[in-house]
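Here is a short tour for a first look. Keep the sequence and the 3D view side by side while reading.

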Amino acid sequence: MTAVSLQRCDACGAEFDARALHVQCTRCGGLLALRHPLPIARGVALQARFDDRLRAAAPGYVAGRQGASHHGSAHLADLSARASGVWRFRELILPGVDDADVVSHPEGNTPLLHRPAVARWAGVDDLLLKHDGHNPTGSFKDRGMTVALTQARRAGARAVACASTGNTSAALAAYAALAGLPALVLVPAPRAGAQQVAMGKLAQTLAYGARTLLVRGDFDDCLRLVREGAERLGVYLVNSVNPYRIEGQKSVAFEILQQLAWEVPDWIVLPAGNLGNTSAVGAALRDARAAGLVDRVPRVASVQAEGAAPFAQGFQENFAAPRRVRAETVATAIKIGDPASWARAVRVIRETDGVVTTVSDAELLEAKAAVDAAGVGCEPASAASVAGVRRLVRDGLVAPGDRVVAILTGHVLKDPGVLLDYHRAGHDAPLVNAPAEVDATLDALAAVVDALAAGAPSA
Ligand code: F0G
């Protein structure tokens, strides 16, 4: 730990001012990580501080004016920062930040749900769903974006950019609008008539006002291009290679621990694509232990789609070398073949005695149908975590008595295309709920109600 926050290169150890606007090491090109001084309050004192802030937050009263006009409305910005489930943990995320600088909607404070039907489906009683689809733009990306845009604005960025499979771009667009900064987004263009970005995500990105480019290539091409171009073009890159993004995304693990009264679950299971979130959760657990919030850490399980599983392949080989694949999966959010945060995520799996597993598209869609039918709902990639839990139970890695937290990373409405395709008439899959067309008569309605009451499937 250090006396002040600074950015340090993972690869060569070079150190940079915390406000520097480059996101990779200017000496060797390695990824940068923020390092903060350890908070003076630790252990139960730090727990108590976080718990007091949680009690004091009033999330209903914080829709303040922000952004370019934040001067003069500092009080409202302060309230927003105080209501945020990210900034509640500021000592471990960006110590010393001025409330008035914080770009917050607010975000975080997402529910931890127990749904017996989903637990039964997965095969483990004590399954908790951490639903990060309840964030303001409907995905966990908001947690990182509030910190990245806070840094962009306080350090004087002239524009912000990202490559995305859709959720990062939606979050970027919303937070850039709040910060009053122009935003540029690169997403994969439709290929052979098929959308590569889910409809809800593209719609949000346009609605919030980001300049949106449909790049003829896949996500890996988009990320390569924006990484090459951003620095040269003087644009601040806010993909998860940006260390500020990781700092914000740590908060999901802090929230989970706090919601469990600082009792450590046995597992945290999450979907994995570019490996930013695996890295962030691991970093949070490391910090939580260093600050005395917990005295042990859960095992981390990263779950990939079978057709986009370079990290799972690496795990099988004891991570002998980074792998890349040409990615293919119905879960477009994690359709990523060349993950950027590979080395960091390897460290997390090793440090937490973690595992990496895969699920097929059919398995993740079935898990999604189970989560959806419980009235909870999530997007396809998110359901990989629940499908992964079932896989780990069947493999004997998760014991039926374990306490497991599965992170649901995105909202059910993110991907209506996959949803409607699943629930189409004649689709042979579990839990299909196809709509039925009826005549506009009471008789037709009565027949449906009779069938419903008798427990028959709808029409
Ligand atoms: N779940 C969802 C819903 C996502 O959108 C993503 C990544 C992940 C899981 C995987 O997280 O990449 O940190 O391992 N979405 C990125 C995007 C790539 O552009 O929205 P990861």
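Start with the ligand. An oxygen atom of the ligand is 2.7 Å from an N or O atom in the side chain of S164. The model is predicted. A polar backbone atom of T165 is 2.8 Å from a ligand oxygen atom. A backbone N or O atom of N277 also lies 2.8 Å from an oxygen atom of the ligand. On its own, the ligand has 470 Å² of accessible area, and the protein covers 98% of it.

| Residue | Part of the residue | Distance to a ligand oxygen atom |
|---|---|---|
| S164 | side chain, N or O atom | 2.7 Å |
| T165 | backbone, polar atom | 2.8 Å |
| N277 | backbone, N or O atom | 2.8 Å |

**The ligand's surroundings**

Where does the ligand sit? It sits in the largest cavity. Around the ligand are 20 residues. Those that come nearest are S164, G273, N274, N277 and T409. By class, the shell has 8 nonpolar, 10 polar and 2 charged residues. α5 spans 167–179 and α10 spans 276–290. Each supplies at least two residues of the shell.

**The parallel sheet**

Now look at the strands. An open sheet of 4 strands runs in the order β8-β7-β6-β9, and its pairing is parallel. β8 (211–215) and β9 (236–237) stand at the edges. Each has a single partner strand, so one side of each is left without a neighbour in the sheet. V160 stands opposite Y236 in β9.

**The mixed sheet**

Another open sheet has 6 strands. Their order is β4-β5-β13-β10-β11-β12, and the pairing is mixed. Which strands lie at the edges? They are β4 (112–113) and β12 (355–359), and each pairs on one side only. Strand β11 (residues 299–305) pairs with β12 in the parallel sense over 5 bridges. A305 has V359 in β12 as its bridge partner.

The loop between α2 (74–83) and β4 holds P106. The peptide bond from H105 to P106 is cis, with omega near 0 degrees. N109 has its place in the loop between α2 and β4 too. Its phi is near 55 degrees, a positive value in a residue other than glycine.

Go to the start of the chain numbering. Strand β1 (residues 6–9) pairs with strand β2 (residues 15–17) in the antiparallel sense, over 3 bridges. How many residues lie between β1 and β2 in their hairpin? There are 5. G13 is in the turn, with a positive phi of about 80 degrees.

β1 also pairs with strand β3 (residues 32–35). This pairing is antiparallel and has 4 bridges. In β2, the bridge partner of R8 is E15. In β3, R8 stands opposite A33.

Key
Residues numbered from 1 in each chain as written. Predicted model: local features only at pLDDT ≥ 70, side-chain atom pairs only at ≥ 80, totals over all residues. Heavy atoms only, no water. Near = heavy atom within 4 Å. Polar contact = N/O pair within 3.5 Å; in protein donor to acceptor, adjacent residues only side chain to side chain. Areas by Shrake-Rupley, 256 points an atom, 1.4 Å probe, with all protein chains shown as cover. 1 Å grid on protein atoms, 1.4 Å probe; cavity = no way out; pocket = protein on both sides within 12 Å on 5 of 7 lines; lining within 4 Å. Sits in = over half its atoms within 2 Å of the grid points. Nonpolar A, V, L, I, M, F, W, Y, C, P; charged D, E, K, R; others polar. Pairing = 2+ DSSP bridges.
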